[in-house]
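Please look over the sequence and the structure before reading on.

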Amino acid sequence: MSEIPGFKTVEEEIEFWETHDSADYWGEMEEAKFEVDLHQNLLHPRMITLTRRPEHCPRCGNDLDDAVIEHVARSCGHLLMIRDVPALRCQRAGHEYILEKTLDRLERLLEIENTEKLQPAEIIHIPVFSLNMAA
Ligand SMILES: [Zn+2]
């Protein structure tokens, strides 16, 4: 493991990380929570956030349908699922979109879950396997 040098300026730090592999420094890094964790839906990794509802699919121009999806995200080290999340799905190619205001609501829910220990509607169990079991 290498040691992370001290940086005098943000520019210096950016330049360093552009030319070094952060994997070499994992041992030194503190665990941090990024907001982006909440935004990444593990079930729909290619979902794109839009500020407002478009008339047609921005990627292929087909009509959009309303859809209801499940949002699975990582929050404070555990996985959680949020149901009944409105989304948009294009009719032909299946491109998926979520509106910014929906993301705001997701964020609020995760915040409540964190601070007030919101009681989940249901707890589901996930079977865990090791790929080695297919030896
Ligand atoms: Zn599309």
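**Salt bridges and a zinc site**

Four salt bridges turn up when the whole structure is searched. The model is a predicted one. Side chains of opposite charge can pair when their charged atoms come close. The zinc ion has four donor atoms around it.

**The pair R83 and E70**

- R83 and E70 form a salt bridge, and their closest N and O atoms are 3.2 Å apart.
- Because R83 sits in strand 3 (residues 78–90) and E70 in strand 2 (residues 64–75), this pair ties together parts that are 13 residues apart in sequence.
- R83 has 39% relative accessibility, so it counts as partly exposed.
- E70 also counts as partly exposed, since its relative accessibility is 31%.

**The pair E122 and R83**

- R83 also meets the side chain of E122 in a salt bridge, with an N to O distance of 2.8 Å.
- This pair links distant parts of the chain: R83 is in strand 3, E122 is in the segment after helix 3 (100–116), and the two are 39 residues apart.
- E122 has a relative accessibility of 46% and therefore counts as partly exposed.

**The pair E96 and R89**

- Another salt bridge joins the side chains of E96 and R89, at 3.1 Å from N to O.
- E96 counts as buried because its relative accessibility is 15%, which is under the 20% limit for that class.
- R89, by contrast, is partly exposed, with a relative accessible area of 33%.

**The network**

- Salt bridges with shared partners join E70, R83 and E122 into one network.

**The zinc site**

- Four residues coordinate the zinc ion: C57 through SG, C60 through SG, C90 through SG and H95 through ND1, at 2.1 to 2.3 Å.
- The arrangement is tetrahedral because the four donor atoms subtend angles of 101 to 116° around the zinc ion; for that class, all angles must lie between 85 and 135 degrees.
- Along the sequence, the donor residues follow the spacing C-x2-C-x29-C-x4-H.
- C57 is buried, its relative accessible area being 3%.
- C90 is buried as well, with a relative accessible area of 2%.

Note on methods: Residues are numbered from 1 along each chain as its sequence is written. This is a predicted model: local features need pLDDT of at least 70, side-chain atom pairs count only at pLDDT 80 or more; totals for chains, interfaces and linings use all residues. Side-chain values use heavy atoms; hydrogens and water are left out. Helices (H or I, at least four residues) and strands (E, at least two) are DSSP runs, numbered from the N terminus. Buried means under 20% relative accessible area, exposed over 50%, partly exposed in between (1.4 Å probe, protein chains only). Donors are N, O and S atoms within 2.8 Å of the metal (3.2 Å for Na, K and Ca); water is not among the atoms, so sites may look incomplete. Four donors count as tetrahedral if all angles lie between 85 and 135 degrees; four count as square planar and six as octahedral if opposite donors are over 155 degrees apart and all others between 65 and 115; anything else is irregular.
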